Amino acid sequence: MNAIATTTDVLIIGAGPTGLTLACELARRGVGFRLLERSATPSTASRAKTIQPRTLEVADDLGIVDRVLAQGKVNIPTRRYDHARVISEAVELADGTPTPDAPYPPVWLSQPKFERILRDRLAELGGTIHWGSEVTGLQHDGDTVTATVETATGSHTVRARYVVGADGGRSTVRALAGIELRGVSLTDQRWHLGDVRVSGLSRDCQHLWTSKEDGLLSLFPLPGTDLWQFQASIPTDEAEPEAPSLELFRRIFAARAAVPGVEIQDAEWLSLYRINVVLADHYRTGRIFLAGDAAHIHSPAGGQGMNTGIQDAYNLGWKLAALLDGADPALLDTYEHERRPVARAVLDDSTARLGQVMRATGANDGTSAQRGLTDEHTTGLRVAYHDSALTHGPGAGGRAPDAPCTDATTGRPVRLFDLQRGPHWTLLFFGNTAVPQTPSGLRTFRVTTDPDATGPATVIDTDGHAHHAYQSTGDELVLIRPDGYIAARRPAADLPAVLALFSTNGL
């Protein structure tokens, strides 16, 4: 096991998708961190399996989107049954059609596969994970936090300027920080879940059975593996659910599906899942922060859980790095202000979607329930921070869209996301005059419709997609944060005010 350093800038507790995203973000910025995981090895349970479009944009920025697209699948159809009889087969979930401003469709990929991609990227960036390291104590010490860490070799202490708890729904960090969860347990919503191997079914689609009596049964082929995710709702009149087992899963399949020639052969993971809808009172106590499931837990309907945690980490990472590099300390206050309302909205939305699908489980209405599970609201593309202290000017606060353009110097295709990729702030100058002079930490590009434009840092909006996506008529400055949200929109004459905003919160 790697030795644990006694001091670091940021101590990340939990090496799931949230902690790994934060570690990658800090590593590419050169921030010192330690990533601890109490488990001895990575989890192999499928759990989440939907990578939403906004999360894929994060993956693009981190340099891993091609790996996710290569290993995942898009537009997996659903084959619906009435017992052994096939009723229909169609793509019933999120639309996978890219657009000029949103180039990535939802992708199906199990959580362990996505975590592996993040771990590989972290290793490329020089980061490591300390497995089998459990935090048992946290103590604020003025300008640091001292963590007590238990490992196989004994007890250690780590002093960090900041601590981030990304250690899941049963977060030790949350408990040690004295932060409460508020919410409810949906006692009538219980599920048997598992990763199983199945023979006799096509892996080209999800297989779904719904009925008023039994609820929902799904077998979903996990891309890049020989496993299927088994999901079966437990009838509400079943007082105490039976413990999950391979034999139980076989009995459920025989009772609800009974498709000849199909056999559930073995299981790698079995779980009894109870749905809680809870939100942390606060995302921060002093120098201790929460992110991901440590801060919010909700229904899986809509496939937003893992994605919301990744967005938490993406939001917090650049702010921690900027503060450690001298930015205004008030920058960290924007983390909870921006992200907690997003979690609140996800909790409400996913609960409503779950109720919808459980009310519509008959053979004739399951299709509408499936389609209602995901839509433009679940993609993450509509998240905005309009009332944030970092948002200035009408039209600011939303996500910075993508668009295909042409590099004025080389004549080659270039996307706006190509200009934004990396840990920097970006300034887009929509206009036909020269690119203004800006600080070295701010990358500035001119976006013009002039097909004959030349000069460095100039891109030609050949088909008008960029101006359309930004609803810009020209002679305008758009300041984009490192996490891809618009911090300011101002007339070109207001360049000094835009640069002042950057100098306060930038690198």
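## Ground rules

Two strands count as paired if DSSP finds at least two bridges between them. Helices (H or I, at least four residues) and strands (E, at least two) are DSSP runs, numbered from the N terminus. This is a predicted model, in which local features need pLDDT of at least 70 and side-chain atom pairs count only at pLDDT 80 or more, while totals for chains, interfaces and linings use all residues. Residues are numbered from 1 along each chain as its sequence is written, and side-chain values use heavy atoms, with hydrogens and water left out.

## The chain as a whole

Let's start with the overall picture. The protein chain holds twelve helices and 25 strands. Its C-alpha trace spans about 70 × 55 × 35 Å along the principal axes. For 507 residues, a compact globule would have a radius of gyration near 23 Å, and the 24 Å of the protein chain agrees with that. This radius is taken over C-alpha atoms, and the globule rule is 2.2 Å times the number of residues to the power 0.38.

## Strand 10 and its partners

With strand 9 (residues 144–151) the sense is antiparallel, and seven bridges join strand 9 to strand 10. A hairpin through two residues connects strand 9 to strand 10, and glutamate 150 has serine 155 in strand 10 as its bridge partner.

Now for an open sheet of eight strands, with mixed pairing and the order 5-4-12-13-14-11-15-18. Strand 5 (85–90) and strand 18 (296–297) stand at the edges; each has a single partner strand, so one side of each is left without a neighbour in the sheet. Further in, strand 11 (residues 181–199) and strand 14 (residues 228–233) run antiparallel and are joined by six bridges, with histidine 192 having alanine 232 in strand 14 as its bridge partner.

Helix 6 (residues 246–256) packs on this sheet and touches strand 11, strand 12 (206–211), strand 13 (215–221), strand 14 and strand 15 (263–280). Contact here means heavy atoms within 4.5 Å. The direction of helix 6 makes about 90 degrees with that of strand 15; axes are lines fitted to C-alpha atoms, for helices over the stretch in contact, and angles run from 0 to 180 degrees between N-to-C directions.

Strand 19 (residues 404–407) pairs with strand 20 in the antiparallel sense over three bridges. Threonine 406 stands opposite proline 413 in strand 20.

## Two helix pairs

Helix 1 (residues 17–28) and helix 4 (residues 111–124) have axes that come within 9 Å and cross at roughly 20 degrees. That makes the two helices roughly parallel: angles under 35 degrees count as roughly parallel, over 145 as roughly antiparallel, 65 to 115 as roughly perpendicular and the rest as oblique. Pro17, Leu20, Thr21, Ala23, Cys24 and Ala27 in helix 1 meet Gln111, Glu115, Leu118, Arg119, Arg121 and Leu122 in helix 4. By class, this contact has seven nonpolar, two polar and three charged residues (Ala, Val, Leu, Ile, Met, Phe, Trp, Tyr, Cys and Pro count as nonpolar, Asp, Glu, Lys and Arg as charged, and the others, Gly among them, as polar).

The axes of helix 2 (residues 53–62) and helix 7 (residues 305–324) come within 9 Å and cross at roughly 40 degrees. Helix 2 and helix 7 are therefore oblique to each other. Here Arg54, Thr55, Val58 and Asp61 in helix 2 meet Asn307, Ile310, Gln311 and Tyr314 in helix 7. The classes in this contact are three nonpolar, three polar and two charged residues.
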